[in-house]
Amino acid sequence: MVKNGTKINYFEYYSLFPIYHKYNTETLIINYFISQLIRSGVDRQNVVAIYCSIIRSVLEYCCPIWHPGLTAQQTKDIERIQKRVLRIIYLKLSYKDSLCVTCLETLSSRRENITRELFCEIKKD
């Protein structure tokens, strides 16, 4: 990419625009990965299983430790990833409907439940 006669790389170009800071490289890769699975004809339930095992597991890693310290904006940003993935998988369904179809729960309620279960286990010991 050339700007004012000087070559700059892709990441430098997009770092000039503040709106792209919301969508980091990982999110773009996730969207592309899920889209490619759908385009290649992988069954939607299998794509959901892949999402849960690869992407959601990373989003929830060590969540009992960091979940209580999340701001409302950070919670929305994390939830936005799942919303986007489900929108790619089920184009015509709303987020709530796609959660029902896939038997998933929101990431915030899932983190809350995981944290609560850990606290109960610690309390028993």
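Read along the sequence, the predicted protein follows the pattern β-β-α-α-α-α-α-α-α, with seven helices and two strands in total. Helices (H or I, at least four residues) and strands (E, at least two) are DSSP runs numbered from the N terminus. The model is a predicted one, in which local features need pLDDT of at least 70, side-chain atom pairs count only at pLDDT 80 or more, and totals for chains, interfaces and linings use all residues. Residues are numbered from 1 along each chain as its sequence is written, and side-chain values use heavy atoms, with hydrogens and water left out.

Of the 125 residues in the protein, 27% are buried; buried denotes under 20% relative accessible area, exposed over 50%, and partly exposed the range in between (1.4 Å probe, protein chains only). Among contacts with a separation of 6 or more, 57% are between residues 24 or more positions apart, a contact being defined by heavy atoms within 4.5 Å.

Arg44 belongs to helix 3 (residues 44–59) and is partly exposed, with a relative accessible area of 38%. Beyond its neighbours within four places in sequence, Arg44 is in contact with Ile38, Ile88, Ile89 and Tyr90. The C-alpha atoms of Arg44 and Ile89 are 6.4 Å apart, although the two residues are 45 residues apart in sequence. Val47 also lies in helix 3, but is buried because its relative accessible area is 0%. When residues up to four places away in sequence are not counted, Val47 touches Ile34, Leu37, Ile38, Val42 and Ile89. A C-alpha separation of 9.7 Å is found between Val47 and Leu86, which are 39 residues apart along the chain.

The axes of helix 5 (residues 72–89) and helix 6 (residues 95–102) come within 10 Å and cross at roughly 75°. Helix 5 is therefore roughly perpendicular to helix 6. Such axes are lines fitted to C-alpha atoms, for helices over the stretch in contact, and angles run from 0 to 180 degrees between N-to-C directions; angles under 35 degrees count as roughly parallel, over 145 as roughly antiparallel, 65 to 115 as roughly perpendicular and the rest as oblique. Glu79, Gln82, Lys83 and Leu86 of helix 5 make the contact with Tyr95, Ser98, Leu99 and Thr102 of helix 6. The charged end of Lys83 sits over the ring of Tyr95, 5.4 Å from its centre (the criterion being NZ of Lys or CZ of Arg within 6 Å of the ring centre and within 35 degrees of the ring normal).
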